[in-house]
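Hello,

I am passing a structure on to you, with some notes to go with it. Have a look at it first, and then read on.

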Amino acid sequence: MDLLYKSTRGDKRSVSSAEAVVRGIAPDGGLYVPSVVPLLDKPFDKLVDMDYRELAAYIMAKFFIDFPRDILTECINNAYDSKYDDSRIVPVIEKAEAYFIELFHGPTLAFKDMALTFLPHLLKAASRIMDIDKEIVILTATSGDTGKAALEGFSGIEGTRIIVFYPKNGVSMVQERQMTTQEGNNTHVIAIEGNFDDAQKGVKAIFGDKEYGDKLAGKGYIFSSANSINIGRLVPQIVYYVFSYLDLIKRSKITAGENINIVVPTGNFGNILAAYYSKKMGLPVNKLICASNINNVLYDFINTGIYDRKRKFIVTSSPAMDILVSSNLERLLYDLAGEDAKVIDRLTGELADKGEFEITDEMKQGLSGFYGGFATEEETFSTIKDLYMKSGYLIDTHTSVGYTVYKKYVKDTADNTPAVIASTASPFKFPGSVAEAIDEKYMDMDEFSLLEVLSGMSGIKIPGPLLGIEDKKVIHNKSCAIEEMKDVVSTILGI
Ligand SMILES: *Cc1c(COP(=O)(O)O)cnc(C)c1O
């Protein structure tokens, strides 16, 4: 059967992967999902010798079937190259009875690079396949990491333009500086007076405004998304779960076919959804451990079947996970509902109108492959310190949420299945929090000086992309109110 992409909200028309990538979101506001999840159809011992690029080509060709193989390979080779400061692309590090999949060796030091160094090339190829003669405008809401990774990925890519909205007081100083110093004359960065959910809602509203879309098309523009709702971001994220599994086989830590647990610090539910898809492809996964910070909507959902966003949004030290509406959950719900789009319509409607929904008992049973946990700020900090004291290994706040929840899981269940933990950001990206976790005396030092401190502690050099960042010229300094987002876009595009 040919693989096409269909909307979770029931739009009758299925589309090719190229079209799904260009559109980002379905015309009815739903998310695109593959009509069938392809299987890993080669035995693991045949896959173990592939390097990251080869494995990526093997897996992605199954999802992007309408891209010529050589073009897809070119996109992959352009993505996973010397931009990564480790030739393995994704090193898997064994520490304290767990395996940390370090997903932060790309140009912006967070796991978003794993997809966003690739997506711009894919999008350009998709636009060619579809014969699109318009300039593609990438509109993105960011909780800090997507923004920079998307800017870096799209900067200078012909035929594209990128506009990023970030919450003014919701990102670290390093994150903000990374974005505001972005070069490339097709890049635009705007701070909004609101939180990430406001930014995401604003962007979704612009996407959903058909009249505005038509007006734009008349001016030679077409919108697309670099957020994790785009299938072009989800698929590349499947690769590293399989890669880490193969790595453990290669190092004789597990045998082919043995189960692992996967731990993912979660915000928008994109990264863990990729892990869920890897399981559907045939990766032997026992539990998917979903780790939240104190914005613990997903923890409640997994444990009760009730999703309730009516709560205070809390700014934490793991800002990329400060999210109350997890977009990608819709894809899981669709699956749990037996691909019944009417159920999704009802649930998303209830979430919009009442701020909550509850799934059926039958759907709840489908959640049994997940374990939901959360970490408080205190726990997040003490885990960073404990792990460092024990092993000299420094992790960032997001990864610490993951590791904290993993330890709770082991305590709860005594399950000692080997576990891989998605290490989603470099500790150098959140120097203030990481240094403070180690010793409170660093509390009042500025983040840029702390980079040196962390380097001294870990024996790891300050990553190249952050060298001298405090002296870099700020290029973007615009901000706007939530209601002004659309006007800002119009001004930038001159319409
Ligand atoms: C984006 C991000 C997350 C959350 O990932 P989702 O796919 O949104 O669940 C976790 N950690 C870091 C460092 C991130 O940048």
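**What I found**

Outside the four places on either side of Arg331 in sequence, its contacts are Thr8, Leu31, Tyr32, Val33, Ser228, Ile229, Asn230, Ile231, Leu234, Leu273 and Tyr277. Please keep in mind that this is a predicted model. Arg331 sits in helix α14, which covers residues 329–336. Although Arg331 is buried, it forms no salt bridge. The nearest side chain of opposite charge belongs to Glu330, and that is 8.2 Å away.

Next, the sheet. Six strands make up an open sheet with mixed pairing, in the order β3-β4-β14-β9-β10-β13. At its edges are β3 (92–95) and β13 (370–374), each of which pairs on one side only. On average, neighbouring strands of this sheet are turned by 25° against each other, ignoring direction.

Within the sheet, β9 (residues 260–265) and β10 (residues 285–292) run parallel and are joined by 5 bridges.

Last, helix α19, residues 431–438. Why is α19 largely enclosed by the rest of the structure? Because 7 of its 8 residues are buried. These are Pro431, Gly432, Ser433, Val434, Ala435, Ala437 and Ile438. They pack against four helices: α8 (173–180), α17 (377–391), α18 (397–413) and α20 (447–458).

Enjoy exploring it!

Best wishes

Notes:
Residues are numbered from 1 along each chain as its sequence is written. This is a predicted model: local features need pLDDT of at least 70, side-chain atom pairs count only at pLDDT 80 or more; totals for chains, interfaces and linings use all residues. Side-chain values use heavy atoms; hydrogens and water are left out. Two strands pair if DSSP finds at least two bridges between them. Helices (H or I, at least four residues) and strands (E, at least two) are DSSP runs, numbered from the N terminus. Axes are lines fitted to C-alpha atoms, for helices over the stretch in contact, and angles run from 0 to 180 degrees between N-to-C directions. Buried means under 20% relative accessible area, exposed over 50%, partly exposed in between (1.4 Å probe, protein chains only). Lys and Arg count as positive and Asp and Glu as negative; His and the chain ends are not counted. A salt bridge is a side-chain nitrogen of Lys or Arg within 4 Å of a carboxyl oxygen of Asp or Glu. Contact means heavy atoms within 4.5 Å.
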